[in-house]
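Please look through the sequence and the model below.

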Amino acid sequence: MPFPRSSGILLHPTSLPGRYGIGDVGPIAYQFIDFLRDSGQQLWQILPFGPTGFGNSPYLSYSAMAGNPLLISPDKLLEEELLTPTDLESLPQFPVEQVDFDAVKAFKWDLFSKACQNFKETLTEEENEFEEFCRNKSYWLDDYALFMAIKEAHDGESWHKWDEDIARRQPEALKQWHEKLADQIFFHKFLQFQFFRQWSQLKQYANEQGIKIFGDVAIYVAHDSADVWSHPEIFCLDGETGEASLMAGVPPDYFSSTGQLWGNPVYNWERLEQNGFNWWVQRVQSILDCIDIMRIDHFRGLQAFWAVAQGETTAINGRWIEAPGEALFNLLNEKLGQLPIIAEDLGLITPEVEALRDKFELPGMKILHFAFDSGPDNPYLPYNYSTPNWVAYTGTHDNDTTVGWFNQRSLQGQARVISYIGGTMGYGIHWDLIQVALASVANQAIFPLQDVLGLGSEAKMNQPSTSEGNWAWRFKPGAITDELRDRLRSLTEIYGRLPR
């Protein structure tokens with residue numbers, strides 16, 4: 001599905017500033033939307049917004065359809081009188097430029113418990129809305145709330161290590177745990193109700209300002225998730241241990257001699273297809289209720305995926321297995337209409353993957369950081385973009401910032417970049433690459449906020465293949481200035497990307 005010529009900024013909401021230790025969907029998110037509007041942008045790209053698990057990664061979520069409670073705004077709860085001003089006094093001294101996830105969760109969980117208790121006491125006023133939410137989302141919410149409550153009762157232990165009767169969802173065990181943890185189940189449903197209520201209000205405001213929310217979907221789900229626990233039949237699991245019998249990853253390549261072993265269970269595509277891809281249809285529909293455009297991470301796994309057997313410690317000894325991506329997209333289009341999907345087509349891409357992408361007219365991605373090191377045929381150089389149906393990026397959340405990337409290049413490598421762009425504008429290499437992205441024929445141009453701010457490697461969002469120290473970056477209050485707004489708007493106008 002080709003998109004109109006436009007541009008936008010990549011920033012996960014957790015990276016917004018604010019006094020609660022983590023960005024959320026409160027007043028500062030609305031201010032950021034105002035900045036996007038005033039600078040001529042039409043897209044706000046975010047990372048997956050599910051509740052994060054191991055390593056706080058948005059790509060390892062406890063649910064493929066739930067929202068991250070840490071994004072709930074205490075200020076919004078105050079507006080609804082579920083919290084009092086006293087509750088928001090004497091806040092902890094959180095870091096300004098990083099998220100301390102453990103400290104934030106401890107603080108917010110205490111607030112949310114108070115809000116939930118107040119909500120219960122006034123439930124008659126909100127009863128219809130809350131009950132309607134629970135009813136409409138029951139296809140995932142019931143299992144998710146029970147999963148989280150049981151997980152907390154087991155001190156965070158993975159579901160496959162629970163007692164066998166509840167790990168295997170025996171009916172009597174499910175009934176007993178439902179009764180035992182009724183209050184905690186309600187709490188997790190309350191959190192989801194508040195998240196989606198606040199998110200819906202934010203999205204509506206963004207759309208009213210001409211801003212589309214550009215979301216991201218991890219192709220795989222975490223093994224330790226409500227989805228795998230409640231739908232084990234659609235994943236490749238060991239029947240005795242519940243562990244992944246076939247794990248996801250990518251094979252060895254130029255960047256890694258052992259490949260990447262992610263550990264997620266791969267899908268049992270045969271079973272999914274027999275069920276009419278029902279879980280995928282529900283997943284896509286639930287996500288598109290919250291965003292306007294959806295990027296599928298590791299798109300190539302929908303054509304063929306690298307599967308590594310249980311027990312392997314690297315991705316070397318895997319094999320390619322074909323996936324029914326064409327049948328999936330045909331069904332999604334039939335049930336949901338032509339979908340606003342972007343294909344993350346980076347890495348080892350075959351003609352078959354390109355054919356799947358092009359059959360459904362899905363835009364692919366072009367990363368400028370990849371453009372300058374393999375001669376004039378490099379497909380990431382803008383003059384090699386075969387059609388406008390692309391999204392041009394300076395870099396993504398998995399790249400270094402543009403300033404950091406440039407500074408780590410050799411003098412020869414830096415000279416190649418400067419030669420291509422014909423010298424610099426004088427505002428820094430980050431603005432030069434933003435200009436190249438905006439000037440390209442690609443229908444959409446996206447750049448991380450770190451590049452607009454001209455930040456170095458200290459502001460990286462993620463270092464792939466590392467499990468610690470990621471996803472925590474936040475920008476400082478006051479970092480977005482009128483000068484930056486005006487410069488970005490001017491370039492956006494020059495290259496024909498202002499709203500029409």
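**Helix contact, sheets and cores**

Residues Leu146, Ile150 and Ala153 of H5 meet Leu174, Trp177 and His178 of H7, where contact means heavy atoms within 4.5 Å. By class, this contact of H5 with H7 holds 5 nonpolar, 1 polar and no charged residues; Ala, Val, Leu, Ile, Met, Phe, Trp, Tyr, Cys and Pro count as nonpolar, Asp, Glu, Lys and Arg as charged, and the others, Gly among them, as polar. The axes of helix H5 (residues 138–153) and helix H7 (residues 171–180) come within 10 Å and cross at roughly 80°. Axes are lines fitted to C-alpha atoms, for helices over the stretch in contact, with angles from 0 to 180 degrees between N-to-C directions. H5 and H7 are therefore roughly perpendicular to each other, a label for angles of 65 to 115 degrees. Helices (H or I, at least four residues) and strands (E, at least two) are DSSP runs, numbered from the N terminus.

This is a predicted model, in which local features need pLDDT of at least 70 and side-chain atom pairs count only at pLDDT 80 or more, while totals for chains, interfaces and linings use all residues. Residues are numbered from 1 along each chain as its sequence is written, and side-chain values use heavy atoms, with hydrogens and water left out.

Next come the sheets. An open sheet of 8 strands, with parallel pairing, has the order E9-E6-E3-E2-E1-E12-E11-E10; two strands pair if DSSP finds at least two bridges between them. Strand E9 (341–343) and strand E10 (364–367) are the edge strands, each pairing on one side only. Within this sheet, strand E2 (residues 43–45) and strand E3 (residues 212–217) run parallel and are joined by 3 bridges, with Phe214 in E3 as the bridge partner of Gln45.

Elsewhere, strand E4 (residues 246–250) pairs with E7 in the antiparallel sense over 4 bridges, and Ala307 in E7 is the bridge partner of Ala248. E7 is also joined by 5 bridges to strand E8 (residues 318–322), again antiparallel; here Trp320 in E8 is the bridge partner of Trp306. Strand E7 (residues 304–309) is largely enclosed by the rest of the structure, because 5 of its 6 residues are buried, meaning under 20% relative accessible area with a 1.4 Å probe, protein chains only.

The largest nonpolar core has 165 residues, and Ile9, Trp44, Trp269, Trp280, Leu302, Phe329 and Leu449 touch the most other members. Such a core is a set of buried Ala, Val, Leu, Ile, Met, Phe, Trp, Tyr and Cys residues joined through side-chain atoms within 4.5 Å. A second, separate core of 5 residues includes Ala244, Met247, Trp306 and Ala315.

Definitions and conventions. Buried means under 20% relative accessible area, exposed over 50%, partly exposed in between (1.4 Å probe, protein chains only). Angles under 35 degrees count as roughly parallel, over 145 as roughly antiparallel, 65 to 115 as roughly perpendicular and the rest as oblique.
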